Amino acid sequence: MASVPVEQGFELRGERTRLSTLVRDLWRSRELVIMLARKDFFVRYRRASLGIIWAIGLPLIQAIVYAIVLSQFVRFTTPISFPAFVFAGVLPWTFFSTAVALGTVSVIEGSALATKIYFPRAVLPLVTVFSGLYGLLIGTVVMVALAAVMGAQLGPALVLLVPATALLILLASGFALVLGALQVYFRDIKHVIGAIMLPWFWASGVFYPLTRLSDDFRRVIEINPAVGMISLFRASIGAAAPNWERGVWWSLGWVVLLFSVAAVLYRRWDRVCVDLL
Amino acid sequence: MTQLGRVRLDDAGKRYVKYDDVPLLLTRALRFRAGHKKTHLWAVRHVNLTVEPGETVGVIGRNGSGKSTMLRMLAGVTAPTEGVVSVQGRVAPLISVGVGFHPELTGRENVYVNATVLGMKRKEIDRRFDSILAFSEIENFIDTPVKFYSSGMFVRLGFAVAVASRPDVLLIDEVLAVGDVAFQSKCFDRMEEIRSQGTSVLVVSHNLNAVRLLCRRTLVLHSGEMKFFGETDQAISMYHELLAVPLAERSEPGISGAPVRIESFVMLGENGLPTNHVKFGEEVAFVLEAEFLDDVVRPAFSIVLAHERGQIVYSDDTHQPEFQRSYAAGERARFEAKIRVTLPTGSYKVRSTVRWKVGDEADRVAHYVSFFVSGRPLVKGLADLDAGFKVEGGTAAPMDADPPPSEPLESDAR
């Protein structure tokens with residue numbers, strides 16, 4: 001009984017890979033990405049006592065703490081109640097920063113698997129992005145519920161959650177792919193990223209409205225890809241600043257840039273990164 | 001379509017770049033002008049190999065000969081620096097079992113992960129799950145986390161999944177050294193089965209007997225070069241020649257202050273020259289030369305001829321009246337044992353010992369040589385007793401083709 005092979009095999013001539021081959025193989029590996037993402041997710045929460053509750057509990061607690069502490073000495077005027085506003089920023093940021101941090105080291109950590117069998121290396125950073133999706137989806141429901149409970153007017157803008165999630169995934173994937181590749185070559189990238197994370201957080205409007213910034217300052221801040229991404233989430237519950245679309249254009253530009261860089265890197269490197277692991 | 005399972009290496013070579021320092025972003029940026037200190041190393045070069053579907057090919061060589069690099073290229077894990085590596089069909093490497101196994105997950109969950117990594121789709125795994133379970137004999141434990149598994153269970157499960165993935169090419173390294181004999185013969189049987197369905201198997205191993213049993217053709221690697229590719233017996237003998245270890249490394253640690261020092265121990269072929277490859281029927285001499293540093297009365301010389309796997313074929317001793325001699329300090333001894341080689345094909349080791357007794361203390365020093373015998377075809381076991389065959393009745397029917405292939409009589413020969 002001859003079984004139909006999943007792949008027809010390979011022919012390697014030299015160390016580079018064609019982009020079309022990369023994309024094709026990656027598409028063929030989609031089941032692997034989902035399987036590994038689920039495995040990652042379950043392993044992460046299997047041992048924790050409260051399990052999956054931690055996935056959204058933590059961002060929720062963070063949001064509440066920020067809201068309480070900050071409102072002690074600053075009065076922010078926000079379109080909706082402050083805690084809900086903050087949570088709409090903390091949720092995507094947590095997903096994003098976790099995906100980037102884990103994605104950076106994903107290839108190195110996956111070396112046990114990667115050195116023994118071939119699969120497109122891009123799978124590893126993508127798995128870290130996708131394993132956070134469960135938490136993100138549940139958290140989004142909580143965010144909407146929280147906003148409603150705290151008196152926000154929800155309407156058709158909720159549809160914006162779709163592009164919001166898509167942009168978030170694209171951005172996180174772009175960064176994870178590029179940084180994951182670079183980390184193999186430059187072993188201190190993860191420290192650089194670790195150091196950047198906190199200032200990045202401050203510059204992303206997670207816990208303050210963009211309207212509080214001077215116009216010039218705000219235009220500079222919007223270059224930060226996280227700003228546009230967070231604005232989309234806020235806009236879905238009616239909490240975004242006027243002209244929030246500007247930030248989104250910048251975010252899209254970043255996505256294009258990141259994926260282009262990733263394509264260049266992975267073409268060179270997909271079949272030989274093992275040599276450095 | 002029938003080419004699935006075909007493996008081809010065409011002048012394949014792999015060069016590694018080794019950096020002297022750990023690359024860091026900062027130092028790279030600063031040192032950009034200064035250039036990087038790096039060295040190039042060809043792990044493997046100019047390898048030409050073709051494996052047809054259904055064939056089993058062995059790859060042997062010392063540590064550092066490039067075997068693991070070749071394995072990596074065949075798995076598609078690394079790309080060749082020059083030449084072509086072409087594999088048609090799905091590859092399942094058994095390099096270090098349980099690829100992707102996570103200790104916190106149960107056996108069942110790990111099977112799904114492992115199988116997906118090997119390229120199976122979810123439906124396929126569902127369909128074949130029961131046979132994986134049956135082969136690995138883990139029924140009761142399939143739902144416990146694998147961190148509780150013994151190493152034997154690991155191997156069984158890993159192998160079961162790899163074979164269930166119906167690969168077109170199976171890559172095996174030392175991993176089969178783990179697991180008990182019953183399981184190993186189960187593995188051999190299953191490999192026979194998939195082989196007859198067209199899967200090609202590559203065995204990279206130090207276990208020469210396993211290679212001889214499984215592989216018709218074998219590749220010999222040495223320092224990254226392909227030294228030989230052809231009939232397994234010849235490959236093994238080439239391997240032994242390359243493996244010739246300098247004398248100093250072959251002696252067993254002597255006791256300090258021993259009154260005897262072994263100067264040399266060699267095997268001489270029929271032409272009187274040292275060799276380590278002989279044919280059935282040749283007469284060889286094992287010659288030991290020793291120098292006595294002290295007076296020793298009636299030392300005994302012995303030889304032990306053992307199969308590579310350890311079974312002793314023959315041992316004998318000079319502790320008999322006609323061989324007794326005494327030596328004074330400074331005198332030399334020469335011990336010779338002449339043997340007619342009546343052994344089947346295989347690797348053997350001969351150990352020679354000098355034993356003495358001074359007062360109440362007895363002690364010994366020893367030395368060994370290893371060699372390979374090209375025996376008569378079809379003969380297996382510990383000794384070739386060269387039975388005289390007679391077949392009568394019917395009519396003579398001479399054939400010019402190869403003799404019918406014999407079944408591996410592993411169980412009979414044990």
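Modeller: This is a predicted model: local features need pLDDT of at least 70, side-chain atom pairs count only at pLDDT 80 or more, and totals for chains, interfaces and linings use all residues. Residues are numbered from 1 along each chain as its sequence is written, and chains are lettered from A and ligands numbered from 1 in the order in which they are written.

Biologist: What share of the 277 residues of chain A counts as buried?

Modeller: A residue is buried if 20 or more other C-beta atoms, placed from the backbone, lie within 10 Å of its own. In chain A, the buried share of the 277 residues is 45%.

Biologist: How many helices and strands does chain A have?

Modeller: Helices (H or I, at least four residues) and strands (E, at least two) are DSSP runs, numbered from the N terminus. Along the sequence of chain A, the pattern is β-α-α-α-α-α-α-α-α-α-α-α-α. The totals for chain A are twelve helices and one strand.

Biologist: In chain B, what is the strand order of the open sheet of three strands?

Modeller: Two strands pair if DSSP finds at least two bridges between them. The pairing in this chain B sheet is antiparallel. Its edge strands, strand 10 (260–268) and strand 17 (332–340), each pair on one side only. The order is 10-12-17.

Note on methods
A residue is buried if 20 or more other C-beta atoms lie within 10 Å of its own, exposed if 12 or fewer, and partly exposed in between; C-beta atoms are placed from the backbone.
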